[in-house]
Amino acid sequence: MAHLPDTELRRIGRKVAGHIMGPGKVKRVDVVTGQDSTDQPAHYFSFLLDQDRDRQVAALLRTRLAQKLRDELLAHDDPGYPFIRILSQQDWDKRERA
């Protein structure tokens, strides 16, 4: 199984988010690779998106992003599970990394 480099993971994240959100809606994508709480491979994606603040819409968006990212990662033979955060500009500026 392959572990994709961060640059490729960001490219995949931007592509997937753009496909789901539409053109011009993806402002930034960041990713940190590590392990989840069970020591399995994981990718922690952070997205800065041009979107509304409706909680139900945001929850659905996170679910759709996670599902599509998982499909893409498996297609690239990457075992990491995607975890998703959608941040506001203010939160993006305060984050340490993904």
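User: Which helix do Glu8 and Arg11 both lie in, and how many residues apart are they?

Analyst: Keep in mind that this is a predicted model. To read a salt bridge, you look for a side-chain nitrogen of Lys or Arg within 4 Å of a carboxyl oxygen of Asp or Glu. Here, Glu8 and Arg11 both sit in helix H1 (residues 6-21), three residues apart, which is about one turn of the helix. Their side chains meet in a salt bridge at 2.6 Å, N to O.

User: How many salt bridges does that rule give?

Analyst: The count comes to two salt bridges. Besides the Glu8 pair, there's one between the side chains of Lys15 and Glu72, at 3.3 Å, N to O. Lys15 is in helix H1 and Glu72 in helix H2 (residues 55-75), so this pair ties together parts that are 57 residues apart in sequence.

User: Is Glu72 buried or exposed?

Analyst: For burial, the cut-off is under 20% relative accessible area. Glu72 has 13%, so Glu72 is buried.

User: What is Pro41 in contact with, leaving aside its neighbours within four places in sequence?

Analyst: A contact list tells you what packs against a residue from elsewhere in the chain. Pro41 is in contact with His3, Gly34, Pro79, Gly80 and Tyr81, once those neighbours are set aside. Pro41 itself is in strand E2 (residues 41-49) and is partly exposed, with 25% relative accessibility.

Notes: Residues are numbered from 1 along each chain as its sequence is written. This is a predicted model: local features need pLDDT of at least 70, side-chain atom pairs count only at pLDDT 80 or more; totals for chains, interfaces and linings use all residues. Side-chain values use heavy atoms; hydrogens and water are left out. Helices (H or I, at least four residues) and strands (E, at least two) are DSSP runs, numbered from the N terminus. Buried means under 20% relative accessible area, exposed over 50%, partly exposed in between (1.4 Å probe, protein chains only). Contact means heavy atoms within 4.5 Å.
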